[in-house]
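Subject: The structure, and what turned up in it

Hi,

Here is the structure I promised to pass on. Have a look at it first, and then read on for some notes.

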Amino acid sequence: MPVSRTPGVDRRLFLASLLGAAAGVAGLSGCAESSAATGGEGASTAPLADKVPAGTSLKITSYQGAQQLQLKLAKLPELPFAVSSWLNIGAGPDVINAFRAKSLDVANNAGIPPIQAHYQGFDAKIVAINITRKPNYVFATKPGSDIKTVDDFRGKKLAFSQGQAQGVVLLRALKKAGLKYDDVKLVPLTSNQFLTALQSGQVDIAPLGNTQSPAYLKQYGSKGARIITTDVVDLLSLLWAPVSVLNDKAKAAAVAAYIPQWAQGLVWSYENPDVWNEEFYVKTQNLTLDQAQSITALANKPLFPPSWDEAIKWEQETADLLAEGGFVKKFDVSSLFDHRFEGIAAKSVAAEYRS
């Protein structure tokens, strides 16, 4: 199935712009073939150590400071390792680049960045899963738009990030509406460019997170911008790490020790929305209390599955959807999961938070 794009956007440049600086246009095909050939070979299957060796440290993402704040407010026990850096990185392409530069050990992302990393030939594994049952994204229209439903996307310019959750949500919404890729114009951008693209009219539609939409409507709702909701979900929120990190026994043990606190921090923020609204959204994100409450009202209940079967099925469907559009090569996603860590998150939370 062909991929539509804005006039003058070369197919190879389209892909390269979304894969990050670490993957050049000339190397994409070779990297993809290399990754498919190895299938993650060389990844350790050694049992995880019971204790984290002294002197171990990890570099972990904390986008907008959320993870750090959750651990602090939840008053969880001190981690049995040092966190040498909390990195304010959220976008999948940025995470992959940080992995490559060895400036990051563990990241929290959606399901698509591990697929993208595989396509680039970079070996990384998923170590924890949080299932998302309700939509985290909506579709925002540019000011003055007459678009009201996904059916109206036909022929329109859509902000599309191949390497991020927003991209998969868009592709799934198009498929559900019966629209093919060549029925629309996909404009290659990363999510941090979406708001500017909407404001300038570079695109007609962009997927925005539930946390972004209240502020966008407040600023542009009076100018004709609107929000289109769907029931399309991005099922996976996950922790993942480079194979080189997971092959290090000390770091692997530290990752295993971090997973329960990651899960418990998410549960705490879900169970304490009033405190979270004030301490995170109001104090650090400069939102009003009303805006914060509108966001937490849509929050997903954290769900950590003891078995990863559903997650693997979803990840395969996502990879296949990308392959249909020619964005990646078809492959078996089971190579993306490190089953040594399966069930760790589920065991660390109450039964009601196990899907």
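Which ring does the charged end of Arg 172 sit over? The ring belongs to Trp 314, and the charged end of Arg 172 lies 3.7 Å from its centre. Please keep in mind that this is a predicted model. Another residue placed in this way is Lys 301, which lies over the face of Tyr 353 at 5.2 Å from the ring centre.

Trp 308 is in the loop between H12 and helix H13 (309–324), while Phe 337 is in the loop between H13 and helix H14 (344–347), so the pair ties together parts that are 29 residues apart in sequence. Both Trp 308 and Phe 337 are buried. You will also find a cluster, in which ring pairs link Trp 268, Trp 276, Phe 280 and Tyr 281.

Helix H10 covers residues 249–271. At 1.5 Å a residue, its 23 residues should span 33 Å, and the C-alpha atoms at its ends are 34 Å apart, which agrees. Is H10 mostly covered or mostly open? H10 is mostly covered, since 18 of its 23 residues are buried.

Last, two backbone details. Gln 64 is not a glycine, yet it has a positive phi of about 60°. You can find Gln 64 in the loop between strand E1 (57–61) and helix H3 (66–74), where it is partly exposed, with a relative accessible area of 36%. Asn 286 is not a glycine either, and its phi is positive too, at about 60°. Asn 286 belongs to the loop between helix H11 (273–282) and helix H12 (289–296). How much of Asn 286 is accessible, in relative terms? Its relative accessible area is 67%, so Asn 286 counts as exposed.

Happy browsing, and do write back with any questions!

Best wishes

Definitions and conventions. Residues numbered from 1 in each chain as written. Predicted model: local features only at pLDDT ≥ 70, side-chain atom pairs only at ≥ 80, totals over all residues. Heavy atoms only, no water. Helix = DSSP H or I, 4+ residues; strand = E, 2+ residues; numbered from the N terminus. Buried < 20%, exposed > 50% of the residue type's maximum accessible area, 1.4 Å probe, protein only. Phe/Tyr/Trp six-rings, centres within 6.5 Å; stacked < 30°, edge-to-face > 60°. Lys NZ or Arg CZ within 6 Å of the ring centre and 35° of its normal. Expected span 1.5 Å × (residues − 1).
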